[in-house]
Amino acid sequence: MKKSKFSETQIVSILNEAEQGRKVEEICRKHGISSATYYNWKSKYGGMSASDLKRIKELEEENAKLKRMFADVSLENQAIKELFSKKGW
């Protein structure tokens, strides 16, 4: 997946320009993006603030950490089950 040249906070600030009354075409020309990109961003980040984005990032990182922890525990559990089945318990 191609990395955007804009950070998420920059995207939110660009979207906020339209909320302040500027025309979408003008904003797209100023920042060098297509109108399709603008509307994709709007569907993904519309109505968010920078603090919302920060909180979402934190939650995504925590979720990834919890998924790794669950995977580790599942592997340990499976290994213990295999060990007990070999011992005949």
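How do α1 and α2 lie relative to each other, and what is the word for it? They are roughly antiparallel (an angle over 145 degrees).

This is a predicted model, where local features need pLDDT of at least 70, side-chain atom pairs count only at pLDDT 80 or more, and totals for chains, interfaces and linings use all residues. Residues are numbered from 1 along each chain as its sequence is written, and side-chain values use heavy atoms, with hydrogens and water left out.

**View 1. Helix α1 against helix α2.** Here α1 (residues 8-19) packs on α2 (residues 24-31) at about 150°, the axes being 9 Å apart; helices are DSSP runs of H or I, at least four residues, numbered from the N terminus, and axes are lines fitted to C-alpha atoms over the stretch in contact, with angles from 0 to 180 degrees between N-to-C directions. Touching residues (heavy atoms within 4.5 Å) are I14, E17 and A18 from α1, plus I27, K30 and H31 from α2.

**View 2. Helix α1 against helix α3.** This pair meets at about 105°, axes 10 Å apart. That makes α1 roughly perpendicular to α3 (65 to 115 degrees). On the α1 side you'll find E8, I11, V12, I14, L15 and A18; α3 brings Y38, W41, K42 and Y45.

**View 3. W41 and its neighbours.** Leaving out residues up to four places away in sequence, W41 touches S4, F6, I11, I14, L15, I33 and G46.

Terms used. Helices (H or I, at least four residues) and strands (E, at least two) are DSSP runs, numbered from the N terminus. Angles under 35 degrees count as roughly parallel, over 145 as roughly antiparallel, 65 to 115 as roughly perpendicular and the rest as oblique.
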